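Dear colleague,

Here is the structure I wanted to hand over to you, followed by what was found in it. Please look through it alongside the notes below.

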Amino acid sequence: MTEPITAERFQEATDGIIRSVSSVIDGKPQAVRSALVALLAEGHLLIEDVPGVGKTVLARAMAASIHARVRRVQFTPDLLPSDVTGVSVFNPGTREFSFTPGAVFANIVIADEINRSSPKTQSALLEAMEERQVTVDGTSHVLPDPFLVVATQNPLEMEGTYPLPEAQRDRFMLRISMGYPDAQAEALMLRQRDTQNPLAALRPAVTIDDVSALIRFARSVHVAPTIEEYAVALAQATRSDPELRLGASPRATLQLVRAAKVWAALDGRSFVIPDDVTDLLEPVFAHRLIASRSASGAHRAGDPVPQILGRIAASVRVPLAVR
């Protein structure tokens, strides 16, 4: 992108990415948009759902739509932390140790079925996701920029899964679920993929330099003080709610505002409105919160956190005017 980024240029480029990914992921516009928000807001994306609904395909389609270095790691019980971060190897010729980078040294890292590996291996991503570097044998190695982890995980009820610790979940900006496609989208998938893999036909819609420029533009989106206060009020409400034993962290508040900036830019605006914040409240907050035992018992039908967040959003005063 040689021209300066404007709102029109931003929409043109992001529409191209969305079209590219949507050509593979049928009938899931919100999932595609959320993946793009995670990339441009410099966060990380966690996709949680049952096998076979397109979690990995979404991650691979997003990677293929950007001309960037991509690495995919299949997380298994025998995967070692050094397989992810890298390891120092002794060179007999020079009689010195040299660092061999692991799979995390890429612009987009697809961590497939991340909760099938041991907690020790899962924790290998903590430093990379937060500080965008890895430290091996006392030496820090900076990761490429931009850097995005797209992790997929199966529901915890499935065999051979390890729950992600709270510290790791907190490093994911967004958690989304794919869900089953509707009948029309599923029939279209059967016709399109009967003879070829649509991923093979994808070509990058933007370059890595374009992505960096889009990220810089998203950072410049204006957030009024009243919107910041609204985001803080929502976070504080989760910390004092009796039905939650773990509320949203300050990192969650920061990432909510960053994601809202990209959400606004995708709608062609240079400023954030309250709806941007509330639209992202569940995907940004829900995976970080833990319901109390009493709340879990009262909501036997499923996860009580989304309902609690809905109640909190309805109780916190929305800014009526933004200056």
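For the classes used below, Ala, Val, Leu, Ile, Met, Phe, Trp, Tyr, Cys and Pro count as nonpolar, Asp, Glu, Lys and Arg as charged, and the others, Gly among them, as polar. This is a predicted model, in which local features need pLDDT of at least 70 and side-chain atom pairs count only at pLDDT 80 or more, whereas totals for chains, interfaces and linings use all residues. Residues are numbered from 1 along each chain as its sequence is written, and side-chain values use heavy atoms, with hydrogens and water left out.

By those classes, the lining of the second largest pocket has six nonpolar, three polar and six charged residues. A pocket here is an open set of points on a 1 Å grid over the protein atoms alone, with protein on both sides within 12 Å along at least five of seven lines, while a cavity is a set of points where a 1.4 Å probe fits but cannot get out; lining residues have an atom within 4 Å of a point. The second largest pocket has a volume of about 280 Å³, a volume being the space filled by probe spheres set on the points, which are joined across faces, edges and corners. Of the 15 residues that line this pocket, Arg 175, Ile 176, Ser 177, Glu 282 and Pro 283 are the closest to its centre. Helix 12 (274–285) gives the most to the lining, with four residues; helices (H or I, at least four residues) and strands (E, at least two) are DSSP runs numbered from the N terminus.

The structure also holds one cavity of 30 Å³ or more, and about 40 Å³ of space lies in the largest cavity. Its lining consists of Leu 39, Glu 42, Arg 132, Asp 145, Pro 146, Phe 147 and Ile 215, which divide into four nonpolar, no polar and three charged residues.

Ala 38, in helix 2 (residues 29–40), is buried with a relative accessible area of 0%, where buried means under 20%, exposed over 50% and partly exposed in between (1.4 Å probe, protein chains only). The C-alpha atoms of Ala 38 and Val 262 are separated by 8.7 Å, although these residues lie 224 residues apart along the chain.

Gln 153, in strand 9 (residues 148–153), counts as buried because its relative accessibility is 5%.

With kind regards
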